[in-house]
Protein chains: 2
Amino acid sequence: MRILNTIDETKQAIRKLKEQGKIIGFVPTMGYLHEGHIHLIEACKKENDITVVSIFVNPAQFAPTEDFNRYPRDVDRDVKMLEKAGADLLFCPEIKEVYPEGYATYIEVEKMGKVLCGKNRPTHFRGVLTVVLKLFNITSPHHAYFGQKDAQQAIIIKKMSVDLNLDVCVRTIPTVRDADGLALSSRNSYLSTGERSLALYLPGALDKARLQINSGLRNAEAVKQLIRNELNRHSSIRIDYVDAVDLERLEDVETVELNDTLIAAAIWVGKTRLIDNFILGEI
Amino acid sequence: MRILNTIDETKQAIRKLKEQGKIIGFVPTMGYLHEGHIHLIEACKKENDITVVSIFVNPAQFAPTEDFNRYPRDVDRDVKMLEKAGADLLFCPEIKEVYPEGYATYIEVEKMGKVLCGKNRPTHFRGVLTVVLKLFNITSPHHAYFGQKDAQQAIIIKKMSVDLNLDVCVRTIPTVRDADGLALSSRNSYLSTGERSLALYLPGALDKARLQINSGLRNAEAVKQLIRNELNRHSSIRIDYVDAVDLERLEDVETVELNDTLIAAAIWVGKTRLIDNFILGEI
């Protein structure tokens, strides 16, 4: 696997590969890789000649009060995992390479970036979209891969790509879970053993809601209340949001549509914020 | 000249040309072409194999109170001028093609978009950047050409292109003027004969300032006051702004630097807003 740290080298390497007719797949990550990332890479390898991965903990998507500094990092371990998974090229820039002094350009998707995770993290998706557009421009991929755990992110990035007439095709890959049901996330490393057992209330609550929907429940408020009730069973869990929205505009729905609804929730367990969701339909 | 109205056809046509190794130049316009646009096309033809022009009056860069509806349009005349000037491809989309229902993605360059013309037109450059990025993505040019009359626009588009790691090289072409000194603008067509003679105070005031700078004046406030005094000689002229800023960040300067200053002004003559500038240095 080739490891590049500069934008110019990366652009040049990919330009050469494209001149050779190679199909380029791209998996952007913030590193501290887990099995969820490996699934993205596997999906990428199936559909492309070249798998490009980036590792960049993007300061623009963290608010000043958030966990940018303590976000887990271990590039050496990541490199080993990427070699094993068969990635071809790793782009691993310094912050100054991505955001040089005086950097000033930002992307926003109106409304969709201000709901769900955007309600209490109002600048988060602006930071995500900005870095993803830059990474798309640097790696000019045919396909790019995102995990369904961050469903809102995947939907908003798709929206940006369509709106800005990009040539990249955005793919969403199902969430990978640990044996206990917890969605894999680099942030799970923050959890103590006790916190981890609390965290399991999140997939548990979503599972119960899904079962009820499978049994015919369609009232969105009832679905959300069911999830809230499950989460409220333990007082140490703080709910950030529980929402039911349509897949295209991320607007609140009154009725759960089996082909067009995202049920998503975020909770705080101690100092750790966890998200999870399930989708009825396709994104 | 080939005329295309859809994004897909335009992308496909340009993809084919690039596969043939052609160097693509792009001149985005809002139509109602004048000699200034023709100079852009001439510069483009010199440096590229293929000259792509767009005509699109971009609603996103007009505020609701502004002149979007009455902005002059004459595509038939434009097409004749473009044929004569030797453009190869005209992209001329409907509004719905560029901004389909539910369009939501916008670009901003912080700070630089809120000064000069952005002070009283706070959403203007957001609209400009969004459409220009889309047009760049649709036409994927090697070079793109902008007029110096809209110096702030050219500088901000250059900034966006660098910040977002685009491959397009942004060129700025000197302002073209009528024999009486008025900078060419599609909006000059709004002016009555009486208003036109008032409009000439703008290039006149800038010329006097430039002469004083050539004679050694360096205090930016004195330069701006000189321009304001000239413009205030006629009470029917309303000054929007007179500013002296550096070329890189568009921040107010105290001292005019001969290699790094933009002196720019905007005035209202009746219902018509006119802008003009001169540059010490290069953009």
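**Close-up views of a two-chain predicted model**

**View 1. The contact between chain A and chain B.** The contact draws 23 residues from chain A and 23 residues from chain B. The model shown here and in the other views is predicted. On the side of chain A that touches chain B, at least two residues each come from strand E5 (105-109), helix H6 (124-139) and helix H7 (151-163) of chain A. E5(A) gives the most to that side, with five residues. Sorted by class, the side of chain A that touches chain B has twelve nonpolar, four polar and seven charged residues.

**View 2. Strand pairing across the two chains.** E5(A) pairs with strand E5 (residues 105-109) of chain B in the antiparallel sense, over five bridges. A:Thr105 has B:Val109 as its bridge partner in E5(B). A:Ile107 stands opposite B:Ile107 of E5(B). E5(B) is largely enclosed by the rest of the structure, because four of its five residues are buried.

**View 3. The largest nonpolar core.** This core has 154 residues. The members that touch the most other members are A:Leu129, A:Val223, A:Ile227, B:Leu129, B:Val223 and B:Ile227. For B:Ile227, leaving aside neighbours within four places in sequence, the contacts are B:Ala205, B:Leu206, B:Ala209, B:Val242 and B:Ala265.

**View 4. Ser140 of chain A.** A:Ser140 lies in the loop between H6 and strand E6 (143-147) of chain A. The phi angle of A:Ser140 is positive, at about 30°, although the residue is not a glycine. With 22 other C-beta atoms within 10 Å, A:Ser140 counts as buried, because the cut-off for a buried residue is 20 or more.

**View 5. Ser140 of chain B.** The loop between helix H6 (124-139) and strand E6 (143-147) of chain B holds B:Ser140. B:Ser140, which is not a glycine, has a positive phi of about 30°. B:Ser140 is buried, and 22 other C-beta atoms lie within 10 Å.

How values were computed:
Residues numbered from 1 in each chain as written. Chains lettered and ligands numbered in written order. Predicted model: local features only at pLDDT ≥ 70, side-chain atom pairs only at ≥ 80, totals over all residues. Contact = placed C-beta atoms within 7 Å. Nonpolar A, V, L, I, M, F, W, Y, C, P; charged D, E, K, R; others polar. Pairing = 2+ DSSP bridges. Buried ≥ 20, exposed ≤ 12 C-beta atoms within 10 Å, placed from the backbone. Core = buried A, V, L, I, M, F, W, Y, C linked by C-beta atoms within 7 Å.
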